[in-house]
Amino acid sequence: MKHLKLIIFLIMGIVSQTSFAQFSISGRVLDRDSRTPMEYATVSILNANDSIINGVITNDKGRFIISDFIADSYILVFSYIGYDSDTLKISINDADTIYEIDDIMLRENAATINEVIVTGKLDIVSGKLEKKIFNLHDNISQSGGSVLEAMRNLPGIAINEDGKVLLRGSDKVLVLIDGRQSSLTGFGNQKGLDNISASNIARIEIINNPSAKYDSQGMAGIINIIYKNDTKIGLNGEAGFNFGLGELTNRKSNLSGIMDKYSFTPKYNPSISLNYRTEKINLFLQSDAMFRKKVNCNEFITRKYADEALDVISQFLENRTQQQYTVKLGMDWFISDKDLITLYGLFEDEYHIDRGHVPYDYLNGTGRKRFWKWAEDERTWAMNYSANYRHCFVEDGHSLEGMFMYVHGVEDELFPFSDSTATRTSTDKTKLTAREKIVTLKVDYAKPLLGGRFEVGTKIQLRNIPISYNIFPGQNSILDPNIGTWSKYKENIYSLYANYYYESKFFNVEAGLRAEDASIKYKIDPANIYYKHDDSYNKLSLFPNIRISLNIIENHKLSLFYNRRVDRPTEFDLRPFPKYDDPEILKTGNPYLKPQFTQLCEIAYKSNWKSGSFFISAYYKLITDLFTRIYTNDISQPEIINAVTQNLGEGRNYGTEIVVEQQLNSRWKFNAGFNWYRNAINSFDGTIIYPTNQSFSFGKTVGNTWNIKLNTFIKLLKNLDLQASYIYYAKDIIPQGEIAGRGSLDLGFRKTSFNGKAEFFLSATDILNTFGIKQTLYSNDLIIFKDNYMESQHITIGAKYKF
């Protein structure tokens, strides 16, 4: 820790000696009724001729700073979509260089909201070009589902064959809830995205170039999920209910003698959000639930060996029944106009039952090789307790924030399964329990400077996950008795960061440095005969970031980015206990995985005009100690495929991204996103340890693919909106194989009633049923063809009412 303190003090000393001789005006823009900060409000400064000489967008605290102008008289104009604009006259003289104005209060204009003609817009790409913002209220075609489903058509996002979100071709993504790690997403990873209802979500932010204020995890960037927050005086809220049906058609018949595939799968999603606000106290409750059935997987797999007599076709059919609950209850205590305390508890509970059948039939017609069945019951629950304090000093933008969070969660999985072959019948069972405890302490300090801002902060996160794993072998058991019955994961991360922002009319600079001291220990039961020693590492790492933005001419901006990030293996990546959902693909973690580090360089350009915008970027990433899952044949059992995660050396990811928005007329607008990227992994070799020591080697692989998202919005009538979306993923080359191209056409309608208080919607996804996944994999003398007809087609209706 003494090294971290030295670094931070050096940065503070350098910044304290820096000054700029220019004028600046700063302040905040707030909602007049709720007194909450208004992010993305526009602040323009006009001269005596009513010409705009500069303009900025407020940040998430409603704060703005305008600089780079001469002493004169000006008019400040404050505006936001759906609100009455406000103006302020101000005179600048040479006696003062810093001007702080009182809070600006904007009043909501209901008539403007219901107007047919669209008079304003919120750009997808932010003014700094470092992130994209998506308002879920406008994403009609994806209404009524989970957060994962709501992201299907968003530009810059793809979803892979395992249901993971990809940013620019990588699933190494840090997922935040309201800017913080949460048990809802497995504390940063993607676990649970499909279990979070989108009903109470306001917007989703995609941050490709995060500042040093954010955790360094996630080479691809950050997904920040923002919950709705309404703090108007009195009682107000929103209640909603959605009902949907999935798996409306049957694309391929089952193999003989197995359970029926679910069809017309029902889905129910009630939700409620309540706020009660007085002058000093704001009480809030957010709750939602999902009850659904779905075809979680319906994959037909053909394996072709060098010996044709071994060729088989199998069907991996998994029917899921699921229920999920989320409750967030808390309060804001406005101690004074400068001090706020927020306390809340967040409870989540998810339970699902998976029933799976996997028959294997010989392709030569000689009969069934084996029949594998399982019945998984899994419950995951967690409690998050959070205490937050914010103090605003007299100077606008000068603040101190502190946060404490404690999380206790449990994952409990019971997995009975049976195997029937011509020579044996076996019945086995495994039981895994993971108990997670996390303590987080965070402090952030921000200080406005002449022409900029300085931020410094610290974070401590202590995480402990003991795992118990028990096997219950039956007759003719195939369970491995030599892997032990427990493991323990311990992660302690101590962080310090400093950021400096300089803003002027012609260019902006953001430079930061984050230092993280990570201590990771993974203990393994000595009874495990494969992994014979514990693993640990303690490493102090520095993560710099810099952004230089040039305002070329009015409405044209160019930004250059550099940052360094890390992806540390999660406990699940390290877990050495095999998963028995497929008897011929043995999936395990690797306790000896090491972190991968990524360096990113990016250049981005954005052009704005009155009715639209154009954004393009080109990026390059260099990845060291890259890790991913590989597939190898078991040398002792040729029909078994070992799937294990390994460090593979060096990789590269580079590509280009384009986002276009256009308001065609008062009733019609569209946006489009295009992403082309190439993933390259150098040739690599190594040794897998489980279930037998076995060397492997693969040549250099290069994947080249692209995807496109098209969204169009049409106001059919004054209170009736239509959205149509089309998604296309091109053919993708992956390590050891390829994925065929696929597409989806989605449609949504929304009707507003009762003066905007009630909304009704109808959405349909994958109308043409063309979003199935086809893969081809190669491993030595084996070729695997996989066709997954998992559930992707849904029809959902819903309603919500605001009060």
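Biologist: Why does D178 count as partly exposed?

Modeller: D178 has a relative accessibility of 31%. Buried means under 20% relative accessible area and exposed means over 50%, with partly exposed in between (1.4 Å probe, protein chains only), so 31% belongs to the middle class. Please keep in mind that this is a predicted model: local features need pLDDT of at least 70, side-chain atom pairs count only at pLDDT 80 or more, and totals for chains, interfaces and linings use all residues. Residues are numbered from 1 along each chain as its sequence is written, and side-chain values use heavy atoms, leaving out hydrogens and water.

Biologist: And K328, is that residue buried or exposed?

Modeller: Buried, because its relative accessibility is 15%, against the limit of under 20%.

Biologist: What makes K328 and D178 a salt bridge?

Modeller: The term asks for a side-chain nitrogen of Lys or Arg within 4 Å of a carboxyl oxygen of Asp or Glu. Here the closest N and O atoms are 3.7 Å apart, so the pair qualifies. K328 belongs to strand β18 (residues 312–334) and D178 to the loop between β12 and β13, so the bridge ties together parts that are 150 residues apart in sequence. Helices (H or I, at least four residues) and strands (E, at least two) are DSSP runs, numbered from the N terminus.

Biologist: How many salt bridges does the structure hold?

Modeller: There are 47. One of them joins E413 and K579, with the closest N and O atoms 3.0 Å apart. That pair links E413 in strand β21 (residues 399–421) to K579 in the loop between α4 (571–574) and β28 (585–588), 166 residues away. E413 is buried at 11%, while K579 is partly exposed at 24%.

Biologist: What makes β9 and β12 edge strands?

Modeller: β9 (131–135) and β12 (173–177) each pair on one side only. The open sheet runs in the order β9-β13-β14-β12, with mixed pairing. Within the sheet, β13 (residues 201–207) and β14 (residues 221–227) are antiparallel over six bridges, and E205 stands opposite N224 in β14.

Methods:
Two strands pair if DSSP finds at least two bridges between them.
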